[in-house]
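User: I am new to this structure and would like to learn how to read its features one at a time. Could you walk me through them, giving the general idea before each case?

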Amino acid sequence: MVRLWRSPANFFRFFEDQATYIKSLDSNHLVAIGDEGFFASTTSSSDFLYNGGSGMNFTGNLELSSIDFGTFHQYPVGWGESPTTSWGETWIEEHAAVQKSLNKPVILEEFGIPGSVSVKATTYEAWYSTAESSKLPGVMYWQFGDLLSGGNSTDDGFTIYPGQTSLINLIEANAKAQSALNVAATKRDNIIDVAAKLSRGTPNRQHRL
């Protein structure tokens with residue numbers, strides 16, 4: 001039954017119904033699916049990330065008028081993709097291209113690879129750089145851990161702990177870059193909005209840049 005139901009068309013209807021219901025309760029509520037960003041761009045591929053076999057269609061889902069922004073995850077090792085670093089850069093660029101074509105924000109909601117701190121740092125630095133140059137508005141690492149009196153919090157292979165300075169510094173640097181990028185984008189959009197209103201002769205005295 002699950003396999004019969006698992007198709008992009010069925011998911012479209014489900015997402016549209018749920019998102020429309022949320023909007024009926026709160027029209028200003030931003031809605032996303034929270035999916036992993038799998039495509040359905042080619043049925044000839046054996047790669048489940050692209051052939052729609054998962055039932056998901058990232059581009060089609062984001063095209064729904066009731067969906068405001070997109071999300072995707074990035075776990076190439078667990079998904080059997082390689083080489084890890086360059087594959088991840090391409091995965092980011094592909095989702096950024098959809099963001100640009102549909103004019104809706106897309107967030108890298110989760111990402112991680114297993115391995116040593118140095119391996120992670122090298123890979124994540126490349127991924128962060130690609131995300132910034134692609135103008136993704138948000139990048140969220142999975143996950144942070146803590147050093148507790150009873151032992152470390154759960155390590156799923158991706159966890160970053162206090163003391164892993166190179167990784168923490170990398171994430172902090174990206175957060176600052178991401179903040180600057182979003183501030184600049186907000187100012188740009190405000191200017192465009194003001195210009196559009198002025199061209200229509202609409203007063204906009206309360207608008208602040």
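**Reading helix H2**

Analyst: In H2, the residues Asn10, Phe11, Phe15 and Ala19 are buried, where buried means under 20% relative accessible area, exposed over 50%, and partly exposed in between (1.4 Å probe, protein chains only). The model is predicted, so local features need pLDDT of at least 70, side-chain atom pairs count only at pLDDT 80 or more, and totals for chains, interfaces and linings use all residues. Residues are numbered from 1 along each chain as its sequence is written, and side-chain values use heavy atoms, with hydrogens and water left out.

User: What span does H2 reach from its first C-alpha to its last?

Analyst: Helices (H or I, at least four residues) and strands (E, at least two) are DSSP runs, numbered from the N terminus. With 18 residues, H2 reaches 26 Å, close to the 26 Å expected at 1.5 Å a residue, the expected span being 1.5 Å times one less than the number of residues.

User: Which residues form a nonpolar patch on the surface?

Analyst: Tyr21, Ile22 and Leu25 form this patch, with about 320 Å² of accessible area together. Patches are made of residues with over 30% relative accessible area and no salt bridge, like charges being joined within 9 Å and nonpolar side chains (Val, Leu, Ile, Met, Phe, Trp, Tyr) within 5 Å. A salt bridge is a side-chain nitrogen of Lys or Arg within 4 Å of a carboxyl oxygen of Asp or Glu, and accessible areas come from the Shrake-Rupley method with a 1.4 Å probe, where for residues only the protein chains shown count as cover. Ile22 is found in helix H2 (residues 8–25) and is partly exposed, with a relative accessible area of 32%.

User: In what order do the strands form the open sheet?

Analyst: Strands of a sheet pair through backbone hydrogen bonds, either parallel or antiparallel. Here 3 strands form an open sheet in the order S1-S2-S3, with parallel pairing; the edge strands, S1 (70–74) and S3 (138–139), each pair on one side only. Two strands pair if DSSP finds at least two bridges between them, and 5 bridges join S1 to S2 (residues 106–111). In S2, Leu108 is the bridge partner of Phe72, while Phe111 stands opposite Gln74.

User: Where does a cis peptide bond join Ser82 and its partner?

Analyst: The bond joins Ser82 and Pro83, with omega about -10 degrees, and Pro83 is found in the loop between S1 and helix H4 (84–102).
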